[in-house]
Amino acid sequence: MKPDHQTSRREELAGWPVTIDTYRLGEVYHCTVSNADPGARIARADGSTREEAESRAVEKATRYLAQTRRFTT
Amino acid sequence: MAATIPNVLVTTDWVAQHATDAGVRVVEVDVDTTAYDQGHVPGAAGWNWTTELCDTLVRDIVPADKLESLLGRTGIDNKTAIVLYGDNNNWFAAWAFWQLKIYGHDDVRIMDGGRKKWLAEGRQLSTDKTSFPAAKYKAKVPDNSLRAFLPEVQQAMKSKSAALVDVRSPQEFTGEILSPPGLPETCQRGGHIPGAKSIPWGKNCNDDGTFKSFDELRSLYGAQGITGDQPVIAYCRIGERSSLTWFALKHLLGFNNVKNYDGSWTEWGNLVGIPVEKP
């Protein structure tokens with residue numbers, strides 16, 4: 001199989017820049033949300049539609065990102 | 001040093017043509033340990049860095065006997081050409097590469113651009129669990145000249161006997177955050193090792209995930225005084241991002257004396273009474 005319907009976009013979630021990558025393989029959409037720097041995966045989810053996969057992944061990522069503290073340097 | 005791409009990198013085209021050749025084994029190693037199941041290079045094995053590329057009892061790299069077992073069941077013997085790739089521009093592919101070199105495997109390569117480039121090119125993906133005929137593997141005595149432990153890093157900080165390269169994000173370097181956004185905090189203090197240079201790992205790579213050219217890498221590190229004339233110790237948070245920088249310095253730039261400090265900030269940032277520099 002070849003992946004299709006691939007998208008990648010930058011957004012801000014809970015005040016942090018992230019990358020949302022989605023592709024379809026067969027009948028399943030796979031979505032991964034990564035922090036923009038260093039690019040580590042925060043959350044991922046699958047779905048039968050793009051919207052379903054992305055909304056699940058974004059919900060989880062937002063929850064994790066909201067726990068990140070900023071310190072005064 | 002040679003201004004050519006050395007034979008430790010292969011292209012996605014090469015992998016598409018040779019992934020299932022006899023004597024070649026392609027292995028995916030991801031930060032996201034579920035990524036392999038979402039589709040991988042046909043014929044590739046998948047290794048889980050959290051369980052298969054470490055000692056799960058003591059904090060340490062994979063023990064020799066465990067590595068021998070992993071390679072054996074992946075159908076890899078001492079003469080196999082191992083081609084590694086993964087997500088995040090090959091973070092954990094580099095982590096696996098570093099450990100395989102510690103244990104003396106001769107022919108290890110990285111697919112330039114990793115999973116990102118393979119996907120972007122719309123290449124074939126498989127969700128099949130591949131099984132391999134068992135092979136016998138014998139690890140060599142660990143080469144710890146590739147690895148820095150805490151006492152050596154402390155000595156380097158005091159005596160400037162090695163250049164310390166912090167490859168984490170600028171926000172981690174300054175101590176504004178204790179871990180990458182969205183990931184658990186795993187240290188008590190933020191900041192960096194006194195005297196360390198901040199050269200984030202991502203600067204080694206192009207937007208498509210491939211490594212920058214020899215000249216670009218030489219310029220990047222040379223601008224910070226990292227020229228290969230002095231030993232270098234790279235570190236990050238747990239040692240995987242710094243293994244990518246270690247790979248670039250050791251195998252793409254050809255520096256002789258480069259070590260990865262895998263204790264990294266999760267060790268240094270938790271020690272009592274040890275100096276920390278901010279910002």
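This is a predicted model: local features need pLDDT of at least 70, side-chain atom pairs count only at pLDDT 80 or more; totals for chains, interfaces and linings use all residues.
Let me begin with one pair of residues: Ile20(A) stands opposite Val33(A), which belongs to strand 3 of chain A. Residues are numbered from 1 along each chain as its sequence is written, while chains are lettered from A and ligands numbered from 1 in the order in which they are written.

The opening pair belongs to a wider arrangement. Strand 2 (residues 16-25) and strand 3 (residues 28-35) of chain A pair in the antiparallel sense over eight bridges. Strands here are DSSP runs of E with at least two residues, helices are runs of H or I with at least four, and both are numbered from the N terminus; two strands pair if DSSP finds at least two bridges between them. In chain A, four strands make an open antiparallel sheet with the order 1-2-3-4. Strand 1 (4-13) and strand 4 (41-47) are at the edges with a single partner strand each, so one side of each has no neighbour in the sheet.

Where does helix 1 of chain A lie? Helix 1 (residues 50-65) lies across strand 1, strand 2, strand 3 and strand 4 of chain A, and runs at about 155° to strand 4. For such angles, axes are lines fitted to C-alpha atoms, for helices over the stretch in contact, and the angles run from 0 to 180 degrees between N-to-C directions. Along the sequence, the pattern of chain A is β-β-β-β-α. Its C-alpha atoms fill a box of roughly 50 × 20 × 15 Å along the principal axes.

I turn to chain B. An automatic or database domain assignment supplies the domain bounds, and chain B is divided into domain 1 (9-141) and domain 2 (145-268). The C-alpha centres of the two domains lie 23 Å apart. In total, 18 residues of domain 1 are in contact with 15 residues of domain 2, a contact being two C-beta atoms, placed from the backbone, within 7 Å. On the domain 1 side, helix 3 of chain B provides the largest share, 10 residues.

Which residues touch the most other members of the largest nonpolar core? Among its 95 residues, they are Leu84(B), Ala96(B), Phe97(B), Val232(B), Ile233(B) and Ala234(B). Such a core is a set of buried Ala, Val, Leu, Ile, Met, Phe, Trp, Tyr and Cys residues joined through C-beta atoms within 7 Å. Helix 3 (residues 87-102) of chain B gives the most to this core, with 10 residues, and the core draws at least three residues from each domain of chain B.

Chain B also holds an open sheet of four strands, with parallel pairing and the order 9-8-10-11. Within chain B, strand 8 (residues 163-166) and strand 10 (residues 232-235) pair in the parallel sense over four bridges, and Asp166(B) has Tyr235(B) of strand 10 as its bridge partner.

Finally, the two chains meet: 26 residues of chain B are in contact with 24 residues of chain A.

Conventions. A residue is buried if 20 or more other C-beta atoms lie within 10 Å of its own, exposed if 12 or fewer, and partly exposed in between; C-beta atoms are placed from the backbone.
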